[in-house]
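Subject: A structure for you to look through

Hi there,

Here is the structure I promised to pass on. Have it open while you read, and follow along with my notes below.

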Amino acid sequence: MLTVSNVGRIFPGGVEALRDTSLRLDESDFIALLGPSGCGKSTLLRLIAGLDQPTSGRMLWDGRPPAPGDIGFVFQDATLLPWSTAEDNVFLPLRLRGVSRSEAMPMVHAALHRVGLTGFETARPRALSGGMRMRVSIARALVTRPRLLLMDEPFAALDEFTRHKLQADLLDVWREAGCTVVFVTHSIYEAAFLARRVVLMTPRPGKIAREMTSALQPAAETRLDPAYAAFVAEISRAMQAALA
Amino acid sequence: MRGAPALFGLLALALWEAAVRLLGVPVYVLPGPIAIVQAFAADPVGLLESLTSTLFVTFAALAMAAVLGGAMAVAMSASRLAQAAIQPWAVALQVTPLPAIAPLIIIWVGQPFLALVVCATIVAFFPLFASTASGLASAPPELNDLFHLYGARRWQTMRLLRLPAALPYFLTGLRISGGLALVGAVVAELVAGSGGFASGLAYRILEASFRLEIPRMFAALVLLALAGILLNYGLGAIGQAILRRRGGV
């Protein structure tokens with residue numbers, strides 16, 4: 001789907017966030033970008049989204065480059081329009097593409113249903129819990145049926161119970177939607193649970209230290225599987241080696 | 001708790017009346033509250049007509065400031081060229097004392113009502129302009145990124161993100177500018193004197209001071225203060241009602 005080839009990013013002022021980073025994203029993949037704060041994970045995600053441009057290297061899309069709506073983005077905060085209802089927040093990407101409200105509503109309601117928010121269509125963000133706001137944000141990212149879903153530490157601010165629930169739900173959504181997910185996290189447990197491929201990044205300037213493939217089942221019960229604990233330990237050791 | 005301001009006001013008035021009477025202060029120096037009420041009761045229609053006239057100028061100026069301030073803030077937010085062109089002039093307008101330019105405006109504009117409105121607009125303009133401009137820039141960068149990601153056109157970002165984000169700021173600016181429009185209208189009337197509208201409350205204050213009708217002067221001042229308080233609370237209540245309708249944000 002996308003080849004990130006020797007990409008670097010130096011910000012004005014001279015801060016080098018990324019250096020010589022290469023990565024391949026395949027269809028229906030689930031990749032976790034894992035590393036400590038400031039290692040360029042979010043920068044890489046913004047480059048993939050086209051929200052920023054690399055200083056060096058190239059981003060090569062297979063086939064046609066992404067059109068608006070082909071990429072969904074979920075930020076660390078839900079970043080909803082506080083004056084709009086859940087329904088209108090999810091409608092936003094379609095509205096910006098000129099889709100009429102009547103045409104969009106079945107898709108909006110399907111997206112809200114997919115994240116378990118049926119019945120909350122007319123609720124405004126302040127009336128929703130942090131976890132529910134994040135679900136609206138995920139529904140908004142899914143409503144355009146994106147080829148690529150980019151998630152920048154979306155569950156970092158949530159409590160552990162909500163986080164576990166949303167992680168399990170995200171796996172269901174990913175299986176249903178069939179899109180490629182790139183998930184930024186600094187939690188080894190989260191990366192091990194969610195991803196098919198875990199990409200370890202080193203601190204600034206960010207570089208990819210190692211890629212690890214998961215043999216775990218992408219399902220809620222995996223958390224209780226001894227193989228999950230073993231994979232977490234394997235990632236931890238690799239991370240220690242990368243940071244040494 | 002809710003009655004505390006009224007109780008405090010009544011106590012202050014009672015002390016004021018007692019002090020004036022006990023110390024034998026002449027009415028042309030400081031009239032007591034009762035003398036002021038009597039002065040108002042002697043010509044309520046005249047004073048209220050003058051208040052209406054001043055408020056007319058105030059609301060016209062506030063409307064003009066809202067339209068101009070809002071439009072210029074939007075233009076500035078939409079274009080860097082407009083920002084470079086507008087901002088220095090807006091600041092210059094803010095720091096220019098109204099009494100210094102009011103005589104010129106009155107001469108240039110000619111029509112007294114319009115001249116007063118222009119003067120009051122100049123005073124009321126800046127808070128509306130500055131707060132709306134801040135509001136238009138207040139949307140979180142992530143939401144701007146999101147609009148960019150979904151290929152939003154500039155007018156869509158303005159209509160669906162920046163303008164709604166600016167609404168609370170605009171309403172705060174409107175509340176501040178409401179009081180300033182009243183001040184501007186009064187200052188303009190004072191500067192214009194008999195060359196102005198010759199019917200506003202400030203003109204009545206001038207007229208009363210020339211005739212040493214100090215209680216009447218105070219009655220006019222009290223009306224102005226009450227109008228200012230009502231204007232402030234009224235605009236605040238309208239703002240809250242508008243924000244409540246869209247979920248309190």
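B:Ala102 touches B:Cys119 and B:Val191, leaving aside residues up to four places away in sequence; touching, or contact, means heavy atoms within 4.5 Å. You will find B:Ala102 in helix α5 (residues 98-109) of chain B. Helices are DSSP runs of H or I with at least four residues, strands are runs of E with at least two, and both are numbered from the N terminus. Is B:Ala102 buried or exposed? With a relative accessible area of 0%, B:Ala102 is buried. The cut-offs are under 20% relative accessible area for buried, over 50% for exposed, and partly exposed in between, with a 1.4 Å probe and protein chains only. B:Ile238 is 136 residues away from B:Ala102 along the chain, and their C-alpha atoms are separated by 31 Å.

Before you go further, please note that this is a predicted model, where local features need pLDDT of at least 70, side-chain atom pairs count only at pLDDT 80 or more, and totals for chains, interfaces and linings use all residues. Residues are numbered from 1 along each chain as its sequence is written, chains are lettered from A and ligands numbered from 1 in the order in which they are written, and side-chain values use heavy atoms, with hydrogens and water left out.

Now for chain B as a whole. Its secondary structure comes to 10 helices and 0 strands. The C-alpha atoms of chain B fill a box of roughly 75 × 50 × 25 Å along the principal axes. Of the 249 residues in chain B, 41% are buried. Among contacts in chain B with a separation of 6 or more, 73% are between residues 24 or more positions apart.

UniProt, in an unreviewed entry, lists "transmembrane region" for several spans of chain B, including residues 115-139 and 218-243. UniProt positions are given in the numbering used here, feature names are shortened, and annotations may be inferred rather than shown by experiment. In the model, residues 115-139 of chain B are 88% helix and 0% strand, with end C-alpha atoms 38 Å apart. Residues 218-243 of chain B are 100% helix and 0% strand, and there the end C-alpha atoms lie 37 Å apart.

On to chain A. For residues 2-228 of chain A, an unreviewed UniProt entry gives "domain: ABC transporter". That stretch of chain A is 33% helix and 26% strand.

Have a look at helix α2 (residues 86-96) of chain A, where 9 of the 11 residues are buried. Among them are A:Phe91, A:Leu92 and A:Leu94. What covers these buried residues? The cover includes α3 (101-114) and α4 (130-142) of chain A, and also α7 (141-149) and α8 (154-192) of chain B.

Most residues other than glycine have a negative phi. A:Asn6 is not a glycine, yet its phi is positive, about 50 degrees. A:Asn6 sits in strand β1 (residues 2-10) of chain A and, at 40% relative accessibility, counts as partly exposed. B:Leu212, also not a glycine, has a positive phi of about 55 degrees. B:Leu212 lies in the loop between α9 (201-210) and α10 (214-245) of chain B, and its 56% relative accessibility makes it exposed.

Happy exploring!
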